[in-house]
Amino acid sequence: MEPLLSPLTIGSCLLQNRLIFTAASLCRSPDGFVHEDTIQFYRARAKGGAGLVLAGGAGVDPDRQAPGMMQVCSDACIPGLAKLAHSVQEAGSKCFLQLLHEGAYAHPLPEGLSPLAPSSYQSGLTGIQTQEMSLSQIRQAVSYFADAAQRARQAGFDGVEICASVGYLPAEFLSAATNHRTDAYGGPLENRMRFLLEIVEAIQTNTGNDFPILVRLSGADMIPHGNRLEDTVKIAKALQTQGVAALSITGGWHETRIPQITGHVPRGGYRFLAKAVKEQVSIPVIACNRMDIPSGRKALLEGCCDAVGLCRPFLADPDLGRKLRKGREPEIRSCLSCNQECLDRVFAGKPVGCAVNPFVGQEDKAWIDADQGKHILVIGAGISGMAYAALAARKNRVEVWEKSGRWGGTARLLAKLPHWQDVSGYADSLYSQCLRHGVAFSWYREASPSQLCDLLQSHTYDKVVIAAGAQPEPPAFPVDPEARAYPLWQWVEQCLPLGKHTVVLGNDFRGLEAALFCAKQRRLSLEQQEFFSLWTSPEEIGFPTGQETSVVCLGPLKKPGSGMARSVLWACLLEAKKEGIQCVGEAEILRVTPQTVQYRQHGEEKEIPADTVLFAHRWQPAPAFRQTSWPAELLPRIVFLGDAKTPGRISEAVRSAVQAAGTGTPAEM
């Protein structure tokens, strides 16, 4: 039996499986109330096979309401919340409401109000000075949680989750890093737990002991002077004694300088935190952070947890559970952990989205196909070509011509760069979807504009969709023929060797990612590191440390990494610093010689040694198709997609494919 699909009991709730859709701010409630698009968003994840849907976070403090967050701080919120709970339950899942007080992280706030915290300090996330809570404010906050839980029960939820993780108010009381109080709520851990335990007790008093309470904890704060794993274990044991039904164990705080959910983190890399807690408690434990189906299955089989918390994977594919149940795991869309359309948007106060699922927030809109009963030819089996083909093939006969012998296009090369390995899984899922809908692939088959015109004029095909990708723009400066200079993708594809001095030209997100890739080539692989750590050491046999070589990222921008998600960029910049990458900005490149790169910076001409040069410049659509003068009568039957139309991110390629295939949201995504 698939372990992820076995039932699980949390308190009085029997879950149909162990897939938990964890809570996250959707930023879709501008007035604090639940609206129909939010209801349909959660309902889609319930229909898609989540055993438990955690809705929220829902704000409990009526005076400090985060913009866009749903609220549970007044009785006026109950009708909308009731519709949400009923809709999720009707679709087959249990539904808990996450109760959230942002504490020091609350921002922006109405004029005259400061963020509340156990002590007065400057928030490491927002940089804003907090207000130390008085005893009366502590009692009021406890009552906010208790009243919110009572409203949740009245609305028909199956239980509640207290968010006591990642730096929100209960976590701030738990941690010595932010709790400097000297009264009964500060000092030793037993005192720092008091606020959270009082919240649990007050909720139990308001709702009864048959209403399950789940608590979400950071496995370790991962900030200076914060709680360590052994502290979390003690907190977990105290919560079990208090009657908490289950625990959700996540990673560190939002302000930690250790990556938590970006591609830097191995899949399931933090499951050991949940395991340490599970070994000390008897109530169910949920493992979170960078989990997916394979890593979740592994965590269950290893005894690390009782259930798996998935947020972004359910954003990427709301039908995740249903596909797993039907034996269609290869079709599950992979989350790229890029954060571009989800975390970054929410932090900017915009509604949550997803790079690989443009239907997020559109779940209530019926799908209408752009074409039906047509014979369609797609040129290119990259991301945009396959995303289009998988949708169009539901009502049309679709063929795909690919000039290489493999699907994925440049996604296959992108997956070789640091932190983008999940892109290959996404390409594989698109290919599996295409096969299920009957798309026919022809490999090693190129197309020319004249050939496509003939095929359209003869009505062999009703429509041609050109998704042939793009190619790097040629450099706008002279390059000596003797220089070892390559477009980035050529160098990656051919696995060419690095020299002693590598210079990456271009310092936006492409250049920074390329420089990180180059730096990693200087070091031992993970397999080599594991071998040497067991048998010897690299130093003993004289393996080069990488310090003998240099990597420089050089370009016109003042700061490197433009275009990368902000919630990922900080980690990549820190990683570049640790790798010894030199970032040179505000540079106009003049020429590339066999041994140097010459550039102008602030009016002064300079040069740096370079025996390997990589071009990480902008891309342009393949000229063979874009520069063709297509017959006017054929233009309505020709569509350009993705990079073949306008080079951009994966999210833009997917969006262009969906817009060409139809409007609305397919019944099964």
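A residue is called buried when its relative accessible area is under 20%, exposed when it is over 50%, and partly exposed in between (1.4 Å probe, protein chains only). The structure is a predicted model, in which local features need pLDDT of at least 70 and side-chain atom pairs count only at pLDDT 80 or more, while totals for chains, interfaces and linings use all residues. Residues are numbered from 1 along each chain as its sequence is written, and side-chain values use heavy atoms, with hydrogens and water left out.

Side chains of opposite charge can pair when their charged atoms come close. A salt bridge here is a side-chain nitrogen of Lys or Arg within 4 Å of a carboxyl oxygen of Asp or Glu. The model holds 30 salt bridges under this criterion.

One of them joins lysine 395 to aspartate 369, with an N to O distance of 3.5 Å. Because lysine 395 sits in the loop between helix 13 (383-392) and strand 15 (397-402), and aspartate 369 in strand 13 (residues 368-369), the pair ties together parts that are 26 residues apart in sequence. Helices (H or I, at least four residues) and strands (E, at least two) are DSSP runs, numbered from the N terminus. Aspartate 369 is buried at 14% relative accessible area, whereas lysine 395 is partly exposed at 42%.

Arginine 600 bridges to glutamate 588, their closest N and O atoms lying 2.9 Å apart. This pair links distant parts of the chain, with arginine 600 in strand 24 (residues 596-601) and glutamate 588 in strand 23 (residues 587-592), 12 residues apart. Arginine 600 also forms a salt bridge with glutamate 605, at 3.4 Å between the closest N and O atoms. Glutamate 605 is exposed, with 52% relative accessibility.
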